[in-house]
Structure formats: structure tokens, C-alpha cells
Amino acid sequence: MTTLTPQKPAIPQPGGDVTPAPEPRPAPEQRPAPEQRPAPEQRPARDLAWRELVDAVREAGQYPTWSEAESVTRVVLSALGGHVVGDERVDLARALPEEAARVVASQIPATRSLTAAEFVDSVAARIEGATPATARWDVSSVLSVLPPLVGDELVTRILDQLPPGYALLFGRAELTPAA
């Protein structure tokens, strides 16, 4: 005689086979609580620094959501990461929050320098629905918050490496020597 236990009743299958029933799901009160995301003040400092960077971009660019500001920050930093090379790239990554440093450092160096206008156009191509004007706003919103974060000396070194025209994107006047 075959005995079926109440914990694992048999389920008849076509063709006469019998398979055990799947394990029952625990009741909601018996389920483990989903992992809670720590409150901002409990997050590691690196996450907090990333949030502060994105918050600064959100404020500078007047983005309606944090998520939009974060997306723009990632796109602009990834574009910049391909055009800053050598010691300046290493120093920039060291000065940025960990998440931003990963975005910059993960880019393959560009094969040719882009003018500031071409750089803005390249960012526009990466953002759905962007125009050159909105991309210029996005680029300036991100790059203008970098000098207080990474230091004016590093920004000057980065600008010396890039073609003319980038200073305005970093919120600086573009000064040219008199002829």
C-alpha cells in the first residue's frame, strides 16, 4: 500500500505518471523580509558622494527628477572619459566619487580629439531626443559642477589637453591671447 504524506501530495500526470507537488510557498509572515536599501545617512560614503554629485547636476541643470540627472551625468562623464587621457584622466578618476570614476575610467580613449561643438554633438547622439542646444545644457550642467569637486588646478590641466572651446562647458571664460 502506498501512503502519500500531506506535505507532498502526488499530482497525476497524463500517461499515468505521478509527480510530487511543488513545495508550497511560505505564508507572507513566514517569508524573509526583502533586503532593505539603507537610508542615505547609512549608505557607504562612496554612494553618498555619488548622490551629492548627481544632486549638484540636478540643481545646476534644473532636471525634474534625480534619475534624469543621473542619466545625464553618466552620459557626459563617459563622453569626457574618452577624451581625457594620461595623468589627467587618472587624477580625474581619483578626485571623483567611486561610481563616477568607474564611468570615466571604463572608456576607451578616443582616436581623435573632438572640438567642443563635436563633443556636444556626440553627447546629443547618446541622449534620446536631445538636440545640440539641449546637449550643450546637459554637458554644461555636468562639467560646471566638476571644478569645486576636483579642483581648479586639475580642470586647468584637463582644459590644456582639450581643444579650444571646452572652458565654457566647464563654466569658465574662454580667454585667448591678444594678437
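This is a short tour of one helix, H3, and one of its residues, Glu-88, in a predicted model.

Start by colouring the whole chain by pLDDT. The mean comes to 82, and 72% of the residues reach 70 or more. Now select residues 22-43: pLDDT is below 50 here, and the model gives this stretch eight contacts beyond near neighbours in sequence. Then try residues 3-9, where pLDDT stays under 50 and there are five contacts beyond four places in sequence.

Next, go to helix H3 by selecting residues 86-95. Show the side chains of Glu-88, Arg-89, Leu-92 and Ala-93, which are buried.

What do the buried residues of H3 pack against? Bring up helix H2 (66-81), helix H4 (98-105), helix H7 (146-150) and helix H8 (152-161), and you have their packing partners.

Now zoom in on Glu-88, which sits in H3. Is Glu-88 buried or exposed? Its relative accessible area is 17%, and the cut-off for buried is under 20%, so Glu-88 counts as buried.

To see what surrounds Glu-88, select Leu-154, Arg-157, Ile-158 and Gln-161; these are its contacts once neighbours within four places in sequence are set aside. Two of them deserve a distance label. The Glu-88 side chain makes a polar contact with the side chain of Arg-157 at 3.4 Å, and another with the side chain of Gln-161 at 3.0 Å.

How values were computed: Residues are numbered from 1 along each chain as its sequence is written. This is a predicted model: local features need pLDDT of at least 70, side-chain atom pairs count only at pLDDT 80 or more; totals for chains, interfaces and linings use all residues. Side-chain values use heavy atoms; hydrogens and water are left out. Buried means under 20% relative accessible area, exposed over 50%, partly exposed in between (1.4 Å probe, protein chains only). Helices (H or I, at least four residues) and strands (E, at least two) are DSSP runs, numbered from the N terminus. Contact means heavy atoms within 4.5 Å. pLDDT is the predictor's confidence in each residue, from 0 to 100. A polar contact is a pair of N or O atoms within 3.5 Å; within protein, one must be able to donate a hydrogen and the other to accept it, and residues adjacent in sequence count only if both atoms are side-chain atoms.
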